[in-house]
Amino acid sequence: MALRNIMLDGEPILKKKCRPVTKFDARLAQLLDDMKETMMDASGLGLAAPQVGIMRRAFVVVEEDSLPPLAQDDDAEAPGNETAADTANAADDKAEAAIPEPVFVEFINPEVIETEDEVLGYEGCLSFPGKYAAIKRPTRAVVRAQDRNGEAFTYEAHGLMARCVCHETNHLDGITIDDLAEFFYDPENPRYMGEDDTEGEADEAGAGTEKAAGDAAPEET
Ligand SMILES: [Zn+2]
């Protein structure tokens with residue numbers, strides 16, 4: 001695997017429509033592996049092929065739930081120092097200690113086939129570092145796609161992941177956050193989302209689609 005360069009705002013390739021993937025070969029597998037590594041290195045939740053200069057309809061995401069929780073300093077015990085006194089909390093500790101491997105999903109030739117509701121929330125993009133756009137996205141999205149072997153599957157995404165899969169699908173049509181933003185986050189004049197958003201949703205969305213939750217969130221100034 002290898003890190004690839006992330007194309008930044010201003011690169012014409014980000015505004016082009018990508019072609020379908022037709023060859024499910026070792027080269028595609030290499031691209032997907034590289035994209036996952038590049039995404040994790042940049043603390044992203046999603047990355048589309050055009051963002052690494054490849055004009056093909058493919059993107060990867062990492063499921064938000066599979067990432068370790070952030071700001072867990074109070075739990076930062078060294079492993080292996082449990083005592084009998086901790087036994088009562090063993091189940092909880094296990095749940096927290098046993099952070100699973102990140103769960104990646106690869107989408108080839110994706111199509112958003114169903115959406116539900118819409119909510120305005122902030123999202124970031126690895127191609128627009130430091131910018132958070134307020135964009136309306138569905139709270140639930142179903143995507144039909146192929147995996148790296150060409151097998152069809154459907155994927156149902158909710159909340160931040162629904163925002164993420166819509167954002168990544170847009171990339172494949174050359175649509176980026178500057179095209180969709182109702183406004184951008186301004187740390188001098190933060191605007192929070194409509195009353196019908198729960199605070200949780202606003203916070204979640206504020207973390208940014210392509211930034212792992214809490215990392216460089218708009219709350220940080
Ligand atoms: Zn993006």
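Two residues are in contact, or touch, if their C-beta atoms, placed from the backbone, lie within 7 Å. With that in hand, let's start at Thr115: not counting residues up to four places away in sequence, Thr115 touches Pro138, Arg140 and Ala141.

Before going on, a word on the model. This is a predicted model, in which local features need pLDDT of at least 70, side-chain atom pairs count only at pLDDT 80 or more, and totals for chains, interfaces and linings use all residues. Residues are numbered from 1 along each chain as its sequence is written.

**Thr115 and the overall layout**

Thr115 is found in strand 3. The C-alpha atoms of Thr115 and Arg140 are separated by 5.5 Å, although the two are 25 residues apart along the chain. A residue is buried if 20 or more other C-beta atoms lie within 10 Å of its own, exposed if 12 or fewer, and partly exposed in between. Thr115 is partly exposed because 16 other C-beta atoms lie within 10 Å.

The protein has 5 helices and 8 strands; helices (H or I, at least four residues) and strands (E, at least two) are DSSP runs, numbered from the N terminus. Of its 221 residues, 34% count as buried. Among contacts between residues at least 6 apart in sequence, 73% join residues at least 24 apart.

**Helix 1**

Helix 1 (residues 26-41) has 16 residues and reaches 22 Å from its first C-alpha to its last, close to the 22 Å expected at 1.5 Å a residue. That expected span is 1.5 Å times one less than the number of residues. Leu28, Leu31, Leu32, Met35, Thr38 and Met39 are the buried residues here. Seen down the axis of helix 1, these fall within an arc of 130 degrees (taken over the directions from the helix axis to the C-beta atoms), so they line one face of the helix. The face turned away from that side carries the exposed residues Ala26, Gln30 and Asp41.

| Strand | Residues |
|---|---|
| Strand 1 | 46-48 |
| Strand 2 | 58-62 |
| Strand 3 | 104-116 |

**The core**

A nonpolar core is a set of buried Ala, Val, Leu, Ile, Met, Phe, Trp, Tyr and Cys residues joined through C-beta atoms within 7 Å. Of the 41 residues in the largest one, Met35, Ala49, Phe59, Val61 and Val165 touch the most other members. The largest share of this core, 6 residues, comes from helix 3. Val165 touches Val61, Ala141, Val143 and Ala157, not counting residues up to four places away in sequence.
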